[in-house]
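Take a walk through this structure, one region at a time. Keep the sequence beside you as you read.

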Amino acid sequence: ESKLIPYRGGYTEFKRGHAIRVREREKEVKKQLEDKKAGKKQRHPEDLVEKIRDYVVKFRFYPPQVSGDDAGGISVHDVAFSYTGKKPWLLHGLNFHVGAETRVAVVGPNGAGKSTLLALIAKLAEPCEGEVHHSRRVSLGRYSQHFDEIAPYVQMSAVQFLTSQELRRFGAGTESPELAHKCLGQFGLPSHAHTRPMKELSGGQKARVCFASITCRKPEILILDEP
Ligand SMILES: Nc1ncnc2c1ncn2[C@@H]1O[C@H](COP(=O)(O)OP(=O)(O)OP(=O)(O)O)[C@@H](O)[C@H]1O
Ligand SMILES: [Mg+2]
């Protein structure tokens, strides 16, 4: 509504106050409808009220492209890692397998090593000990906390980026501008932002471009670092 509504108190007070506002508005909208049906004099179009719609963000990721091959996915064997290449390890004793149908959340405080772990899984960092194994056909889509993937290409528009050679070399993006527009639309990027240089987009809009870029090609495994 392009209006700033102030609420008093903490979050609980806000929730209560907001719920009351929504209910009152619903009553008003209902009355407006009843008046219209009863043939009463209508309000001036500028004074008509609409239902309050909550801002909801929904992303639909494609279901994983499971090949039926149980061995598909990523395996981590006895991995140890530190940025200095020696002890003390930041991460050690890592042994696990992630298959296409698995969903894993990695939780921990700042600096615990979550992004580092994801970089190891994506083979963007080399373990000091042990190994990370990707099954032959596995394709990855990675969303990084700091938009690393976009940073070198911010002069490009989202459509140029999604169809760029650079992106397609990494198995992301698409060759078709039509598909790029469709994909960006699916992730809620307004069409006027599709052809603007990405450096002019907001943080949230850049995040939508990242999601579109990694899902265009339907990867088998998505790695999402603080999406
Ligand atoms: N490129 C780097 N070189 C050296 N040390 C690094 C580098 N990146 C991260 N670190 C260090 O490794 C540790 C783990 O960092 P990491 O980014 O993996 O943490 P995180 O769990 O993702 O934290 P956050 O919740 O803040 O994202 C931190 O102590 C950090 O200072
Ligand atoms: Mg991190």
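Begin at ligand 1. The residues around it are Tyr-83, Leu-90, Pro-109, Asn-110, Gly-111, Ala-112, Gly-113, Lys-114, Ser-115, Thr-116, Gln-145 and Glu-226. The model is a predicted one. By type, this shell holds four nonpolar, six polar and two charged residues.

Next, look at the backbone beside the ligand. A backbone N or O atom of Gly-111 sits 2.8 Å from an oxygen atom of ligand 1. For Ala-112, a polar backbone atom is 3.2 Å from a ligand oxygen. For Gly-113, the corresponding distance is 2.9 Å, again from a polar backbone atom to an oxygen of ligand 1. How much of ligand 1 does the protein bury? Taken alone, the ligand exposes 640 Å², and the protein buries 56% of that.

Now follow the chain into helix H2, residues 114-121. Seven of its eight residues are buried, so the helix is largely enclosed by the rest of the structure. The buried ones are Lys-114, Thr-116, Leu-117, Leu-118, Ala-119, Leu-120 and Ile-121. Of these, Lys-114 and Thr-116 also belong to the residues around ligand 1. What covers the buried residues of H2? The cover includes strands E1 (74-81), E2 (91-98), E3 (129-134), E4 (140-143) and E5 (221-224). Just after the helix, Lys-123 takes a positive phi of about 65°.

Move on to the largest nonpolar core. It has 24 residues, and Phe-161, Leu-162, Leu-184, Met-198 and Val-209 touch the most other members. Helices H3 (158-162), H5 (177-186) and H6 (203-215) each supply at least two residues of this core. The largest share, six residues, comes from H6. In soluble globular proteins, nonpolar side chains tend to be buried together.

Take Leu-162 as one example. Beyond its neighbours within four places in sequence, Leu-162 is in contact with Leu-167, Gly-173, Thr-174, Ala-180, Cys-183, Leu-184, Val-209, Ala-212, Ser-213 and Cys-216. Another core lies apart from the largest one. This other core has 17 residues, among them Ile-74, Leu-91, Leu-120 and Val-138.

Finish at Ser-213, in helix H6. Is Ser-213 buried or exposed? Its relative accessibility is 5%, so Ser-213 counts as buried. A polar atom of the Ser-213 side chain lies 2.8 Å from the backbone oxygen of Cys-210. Leaving out residues up to four places away in sequence, Ser-213 touches Phe-161, Leu-162, Leu-167, Ala-172 and Gly-173.

Definitions and conventions:
Residues numbered from 1 in each chain as written. Chains lettered and ligands numbered in written order. Predicted model: local features only at pLDDT ≥ 70, side-chain atom pairs only at ≥ 80, totals over all residues. Heavy atoms only, no water. Core = buried A, V, L, I, M, F, W, Y, C linked by side-chain atoms within 4.5 Å. Buried < 20%, exposed > 50% of the residue type's maximum accessible area, 1.4 Å probe, protein only. Helix = DSSP H or I, 4+ residues; strand = E, 2+ residues; numbered from the N terminus. Contact = heavy atoms within 4.5 Å. Near = heavy atom within 4 Å. Polar contact = N/O pair within 3.5 Å; in protein donor to acceptor, adjacent residues only side chain to side chain. Areas by Shrake-Rupley, 256 points an atom, 1.4 Å probe, with all protein chains shown as cover. Nonpolar A, V, L, I, M, F, W, Y, C, P; charged D, E, K, R; others polar.
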